[in-house]
Amino acid sequence: MKNETLFERAQRIIPGGVNSPVRAFRAVGGAPVFFERAAGPHLWDAEGRRYIDYVGSWGPMVAGHTHPEVVAAVQAAAARALSFGAPTQGEIELAETLCRLVPSLEMVRLVSSGTEATMTAIRLARGFTGRDVIIKFEGCYHGHADSLLVKAGSGALTFGNPSSAGVPADTAAHTLVLDFNDPSKVKKAFAEKGNEIAGVIVEPVAGNMNLVLPAAGFLETLREECTRHGAVLIFDEVMTGFRVALGGAQARFGIRPDLTTLGKVIGGGLPVGAVGGRRDIMKKIAPLGPVYQAGTLSGNPVAVAAGLATLKLVEAPRFHEKVEATTRALVEGLAKEAKSAGAIFSAQSIGSMFGVYFRAAPPRSFAEVMQCDRDRFNRFFHEMLKRGVYLAPSAYEAGFVSAAHGAAEIDETLRAAREAFSVA
Ligand code: KE4
């Protein structure tokens, strides 16, 4: 009952009762769960019910919730200062850590969200090249900057239309939306408009249309075409960074982007984003160069402390190997339970990210994602929720496992799934 009363109260004063749309459960139906406490792999809601968490705050909690070393670092930083609005040593240490761990980073600017990071990367690509056109891919989400709230135009290579009210048509007109994993469309776009294209932004592993892996050759084509035409290749690793590998998707797939955007894990749950990459491009940012960018709380000392403590944990020997093995055990177990229940289902994982699909095989494109049985997922979601397992409240989101998840949590999840598959 308390969740419902909190939701009614929230809706009176906050649009939709939430501060970010996906939290409202509109995709899956029902009232959202209001949480009060978290520890390791677990969440507790306002009614004291415990859940195994596979959202992890949409990615940041890769070391598990309220890790003692992260909490201690935050407490110590907060006791010294909450914010200066002036440079601190911690920001240098975080920038140095990111440049050490992410292969293509030569310089980095800290911001306070993934949206700020991608908005800055787009402006940088345009400022560096003097061109206006940006290519993105249908199903990829890069935050809510105007240029990125764009859906595909009517024809394959016609410029985009706004996907949100409030985005001017002539802003969207500079964005070309292509099909993820379709190299032929990318080559055609560059052949026709190469000298107008400022940059390409891509989730190197898509996690915002559910999990979709890059097809062989797709990322390589983006790299080749951007190099050939002098366009900036932007890997949006806000979600994949420190999730698909220590160095992100760029390390796992061996592709060197010109700019990378980061977020989520690098703040350990507190607001940190980052944009970084080639020094010659990054030197265009104010106050060094003509591309303006700023932020009152950029590099906030408390958030930076949480990020540094989290990255220290992530760098521990075998961290990724262990969490990847746990994630693989989860998806293999789910597929086995689905098969026993005769459900048309598939699942896959990469690093500590996973996707579950009510479709016979994992989708390889946005069109194939749309073939998944969303209603079946929604029933499954609620059956799992009833059994204390918190999946992402949308069929179009990836799931996340943390280093705090162990065999006990996987076994409990699979027991819940066995029942959920039979009734959902
Ligand atoms: P934020 O502005 O929400 O920190 O980051 C935007 C963003 C940018 N790039 C990628 C690849 C992202 O996944 C995101 C944000 N991801 C969503 C999850 N689908 C955040 C959840 C939400 O919107 O509430």
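**Pockets, cavities and a helix pair in a predicted model**

In the second largest pocket, the lining residues divide into 16 nonpolar, nine polar and two charged, where Ala, Val, Leu, Ile, Met, Phe, Trp, Tyr, Cys and Pro count as nonpolar, Asp, Glu, Lys and Arg as charged, and the others, Gly among them, as polar. Before I go on, please keep in mind that this is a predicted model, in which local features need pLDDT of at least 70 and side-chain atom pairs count only at pLDDT 80 or more, while totals for chains, interfaces and linings use all residues. Residues are numbered from 1 along each chain as its sequence is written, and side-chain values use heavy atoms, with hydrogens and water left out.

What do we mean by a pocket and by a cavity? On a 1 Å grid over the protein atoms alone, a pocket is an open set of points with protein on both sides within 12 Å along at least five of seven lines, a cavity is a set of points where a 1.4 Å probe fits but cannot get out, and lining residues have an atom within 4 Å of a point. Grid points are joined across faces, edges and corners, and a volume is the space filled by probe spheres set on the points.

The second largest pocket holds about 600 Å³ of space, and among its 27 lining residues, Glu 91, Val 108, Arg 109, Leu 110 and Ser 298 lie nearest its centre.

The largest cavity has a volume of about 80 Å³, and strand S14 (residues 353-357) gives the most to its lining, with three residues. That lining divides into seven nonpolar, four polar and one charged residue, and it includes Asn 210, Phe 354, Val 356, Phe 377 and Glu 397.

The second largest cavity, at about 50 Å³, has among its lining residues Asn 210, Val 356, Asp 373, Arg 374 and Phe 377. S14 and helix H13 (374-386) are the elements that give two or more residues to this lining, which divides into eight nonpolar, one polar and two charged residues.

Next comes a helix pair, and two packed helices are described by the angle between their axes and the distance between the axes. How do the axes of helix H6 (residues 183-193) and helix H7 (residues 218-229) cross? They come within 9 Å and cross at roughly 10°, with axes being lines fitted to C-alpha atoms, for helices over the stretch in contact, and angles running from 0 to 180 degrees between N-to-C directions. H6 and H7 are therefore roughly parallel to each other, a label for angles under 35 degrees, whereas those over 145 count as roughly antiparallel, 65 to 115 as roughly perpendicular and the rest as oblique. In contact, meaning heavy atoms within 4.5 Å, Pro 183, Val 186, Lys 187 and Phe 190 in H6 meet residues of H7 that include Phe 218, Leu 222 and Glu 225.

Finally, two details of the backbone. The peptide bond from Ala 286 to Pro 287 is cis, with omega near 10°, and Pro 287 lies in the loop between helix H9 (279-282) and helix H10 (301-314). Trp 58, in the loop between strand S3 (50-53) and helix H2 (68-80), has phi near 70°, a positive value in a residue other than glycine.

Definitions and conventions:
Helices (H or I, at least four residues) and strands (E, at least two) are DSSP runs, numbered from the N terminus.
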